[in-house]
Amino acid sequence: MTTILRRVVFLGILIGIWAVIYNLEVWPDFLFPSPGQVVKALWTGFADGTLVKAVGVSLLRLIVGYFLAVIIGLALGLLICSHKWWEDTLGGLIVALQSVPSIVWLPLALLWFKMGEGAILFVVTLGGVWTMTMGTVAGIKNVPPLLVRVGKTMGLKGLPLFWRVKLPASVPHLITAMRLAWAFCWRALLAGELIGTGTGLGQVLMWARDLGNMALVLAIMVIIALLGMLTDSLLFRRLEQRVMMRWGLNRA
C-alpha cells in the first residue's frame, strides 16, 4: 500500500504542476490543454467507442508482433551462442542492425507489404527482435562458470549441458530482454501506425493532430503510458520477481 500511495501522491503532484502551468497561460488552450480537457477527451473517446476500438486494434498488433519478436529473437540468440562462427558473422550483423531505428524499415515495409497490417506487424516485430536476440546472447554468456563446472562434474556436456544448465541459468536475463522488447515493440507500433492505415492509437493520434485536438493527443499519450505501466506491473515485474526468488537471487 505504501508504494501505491507514493505513486498516487507523485501523480497528484505532477497533475498539480500541469494545472499551474495551464493557469499561467504560457501557451494557448489549443496547444496546452488542461487536465480537465484531457479527462473529457478520454471520456468522450471511450463513450463513443473510438478509443476502445483503437486500443483493441493496437494491442492486437502489439501482441502478435511482440510474440513474433520473442520467438525469432530467442531463436537467433540461441543460434549465435551455438557456435563461434555464428557469433562472428550473424552476431556482428545483429549488433549493426540493432542501431537502426525500426521506423527506418517502414518505407521498405510499405513497398513489400503495401499499406496494410503486414507492414505494421513487420515494423513492430523488428522493433523488438534485435533487443531480444542480444538479451538472449548476453544471458547465456553471463551464466556463472561455477554452474557450468558443476554440470560438467555431473557428467553433462554438449547439448544436455546447454539445455539443463546454461539455458535455465540465463532465464533472469531473458525476462529482462522480454521486458525491453515489449517497450521497443510499443515504440515501433506507434511509429508504424502514424504512417500506416487503420484505426489504431497511432492513426487516431494523427487524426487528432491534424484537427488540432491536442487534448485527444495527450489523452492517447496517457492511455499508452497507463497500458505500459499496467503491463509492467501485472506481468513482467511479477514474472521477474518469481524467477528471481526461484533462482535464489531475491528474498520473498
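Okay, let's start with helix H11: its buried residues pack against helix H2 (35–47), helix H3 (50–82), helix H9 (171–195) and helix H10 (201–210). Buried here means under 20% relative accessible area, with a 1.4 Å probe and protein chains only; a contact is heavy atoms within 4.5 Å.

Quick housekeeping. This is a predicted model, so to speak of local features we need pLDDT of at least 70, side-chain atom pairs count only at pLDDT 80 or more, and totals for chains, interfaces and linings use all residues. Residues are numbered from 1 along each chain as its sequence is written, and side-chain values use heavy atoms, with hydrogens and water left out.

Back to H11. It runs over residues 214–246, which is 33 residues, and goes 46 Å from first C-alpha to last, close to the expected 48 Å. That expected span is 1.5 Å times one less than the number of residues. There's a bend of about 40° at Asp232, taken as the angle between axes fitted to the seven residues ending there and the seven starting there. Asp232 is itself one of the buried residues of H11, and so are Ile223, Leu227 and Phe236, among others.

Zooming out: the chain has 11 helices and 0 strands. Those are DSSP runs numbered from the N terminus, H or I of at least four residues for helices, E of at least two for strands. The C-alpha trace spans about 70 × 50 × 30 Å along its principal axes. Of the 252 residues, 37% are buried. And for contacts with a separation of 6 or more, 68% are between residues 24 or more positions apart.

Now, two spots that I'd like you to click on. What does Gly77 touch, leaving out residues up to four places away in sequence? Thr133, Thr136 and Val137. Gly77 sits in helix H3, and it counts as buried because its relative accessible area is 0%.

Is Ser170 buried or exposed? Buried, because its relative accessibility is 0%. Ser170 touches Gly139, Ile140 and Val143, again not counting residues up to four places away. Ser170 and Gly135 are 35 residues apart in sequence, yet 9.6 Å apart in space, C-alpha to C-alpha.

That's my tour; over to you.

Definitions and conventions. Buried < 20%, exposed > 50% of the residue type's maximum accessible area, 1.4 Å probe, protein only.
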